[in-house]
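Open the model in your viewer and keep the selection tool at hand. We will go from stop to stop, and at each one you will hear what to select and what is there.

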Amino acid sequence: MNTISVRQPAQLWAAARRTSLSGLVGDTPVLWIPELWGGAGRGFWAKLEGHNPGGIKDRPGLYMIGQARRRGELRPGAPIIESTSGTLGLGLALAGIVYSHPVVLVTDPGMEPLMHRLLRAYGTRIETVAEPHPAGGWQEARRERVRELRREHPGAYCPDQYNNPDNVLAYDALARELAEQLGRVDVLVCSVGTGGHSAGVYRTLRRLCPGLRLVGVDTVGSTIFGQPARPRLMRGLGSSIHPANVAYDCFGEVHWVAPAEAVWACRRLAAGQYATGGWSVGAVALVASWLARTEPAGTSIAAVFPDGPQRYFDTVFNDAYCADHGLLDRKPEPEPDRIDDPAATEVSRWTRCTSVTDPRR
């Protein structure tokens, strides 16, 4: 005779949470990735944040808006206005639906067509700036437009992902998930854009895993760690401004990665592991693989993969696009270049620096 199991109240509550929209965020899986050059032996653990509905920034999107509502900074029904290159836009679109707020997103011509259409389908209004700022590039041009829109809408709220400490605090749960899933983490590898997830995950995880080291991954052409700002092909990491959320004192080292190197890693991941993503994922995987080869045996390395591959169908995974930009079949050298002073040498390929300082000082 078949029997039917009856769930207890705690089980029912857990199931209900997972079937609510906000409950779909978090508890993302980890996957063992063999290092990319040899494909066997050593490797690292990838935290697959692409399993969130929109990616890693669903976490701060929901958290920043929830906290702003709690403090009374965001009134019911008031608009949310923010600058984004894409992923935070998805998180804010999600928060807008969960909390019933209209969302206005300011972006630039570099946003992928799929992302633009998807954000509009989610009900957001898109504003696209036409020219980069002469000093701060596209990011500063977007932020200027955000300030203009806020003057036009006095009750609007801007999360200000670059400087909002809630963007850091939003990643406490991710760190706790990693500690529970892996037990011990010795090295954490994170891409750096706003600085939110590298600072937030590291600060919590360090308390749970004493001795933890943080390795930052940036893109060539980014000014975050003291390089000159240049036009950048890769989106989702790097910056032409200096976000306050970047925790310079937490980083043991930083690596800059070039677009062709990230493309190679993304496609290598896709062919060998099925788990892949965009620019940030490729750059992080490249660095984590090198660490897996060079750190002592038994070192537990965790790398955060911020998203999946879907939005990159017309860039990273488009042969014509990659060929036009000279990104195809460019296998990286197995070792990075090494510099001691980011302000003294401009990098153009994968490069490592173990002297991390705040370039604003």
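Select Gly216 to begin: this glycine counts as buried because its relative accessible area is 0%, where buried means under 20%, exposed over 50% and partly exposed in between, using a 1.4 Å probe and protein chains only. Gly216 sits in strand E7. Helices (H or I, at least four residues) and strands (E, at least two) are DSSP runs, numbered from the N terminus. You are looking at a predicted model, in which local features need pLDDT of at least 70 and side-chain atom pairs count only at pLDDT 80 or more, while totals for chains, interfaces and linings use all residues. Residues are numbered from 1 along each chain as its sequence is written, and side-chain values use heavy atoms, with hydrogens and water left out.

Stay with Gly216 and show what surrounds it. Which residues does Gly216 touch, not counting residues up to four places away in sequence? They are Cys190, Val192, Phe251, Glu253, Val254 and His255, with contact meaning heavy atoms within 4.5 Å. Phe251 is 35 residues from Gly216 along the chain, and their C-alpha atoms are separated by 6.5 Å.

**Next stop: another glycine**

Now select Gly91, in helix H3. Is Gly91 buried or exposed? It counts as buried, because its relative accessibility is 0%. Leaving aside neighbours within four places in sequence, Gly91 is in contact with Lys57, Asp58, Gly61 and Leu62.

**Along a helix**

Select residues 196-208, which form helix H8. Its 13 residues reach 19 Å from the first C-alpha to the last, close to the 18 Å expected at 1.5 Å a residue; the expected span is 1.5 Å times one less than the number of residues. Colour the buried residues of H8: Gly196, His197, Ser198, Ala199, Gly200, Val201, Tyr202, Thr204 and Leu205. What covers them includes helix H6 (166-169), helix H7 (172-182), strand E6 (187-191), strand E7 (213-219), strand E8 (251-257) and strand E9 (301-305).

**Into the cores**

Select Phe44, Val189, Trp279 and Phe305 together. These four touch the most other members of the largest nonpolar core, which has 41 residues. A nonpolar core is a set of buried Ala, Val, Leu, Ile, Met, Phe, Trp, Tyr and Cys residues joined through side-chain atoms within 4.5 Å. Among the elements that give two or more residues to this core are strand E2 (43-48), helix H9 (259-273) and helix H11 (319-324). H10 gives the most, with eleven residues.

Zoom in on Phe44: among its contacts beyond four places in sequence are Leu31, Trp32, Ile33, Ala285 and Phe305. Then move to a second, separate core of 37 residues, which includes Leu174, Tyr202, Val220 and Phe225.

On a 1 Å grid over the protein atoms alone, a pocket is an open set of points where a 1.4 Å probe fits, with protein on both sides within 12 Å along at least five of seven lines, and lining residues have an atom within 4 Å of a point. The volume of the largest pocket is about 880 Å³. H5 gives the most to its lining, with four residues.

For the second largest pocket, select Gly50, Asp307, Gly308, Pro309 and Gln310, the closest to its centre of the 22 lining residues. This pocket holds about 420 Å³ of space. The largest share of its lining, three residues, comes from H4.

**Last stop: two loops**

Most residues other than glycine have a negative phi. Ser100 is in the loop between H3 and strand E4 (103-107), and it is exposed, with a relative accessible area of 54%. Finish at Tyr274, whose phi is also positive, near 70°. Tyr274 has its place in the loop between H9 and H10 and counts as exposed, because its relative accessible area is 77%.

Note on methods: Grid points are joined across faces, edges and corners, and a volume is the space filled by probe spheres set on the points.
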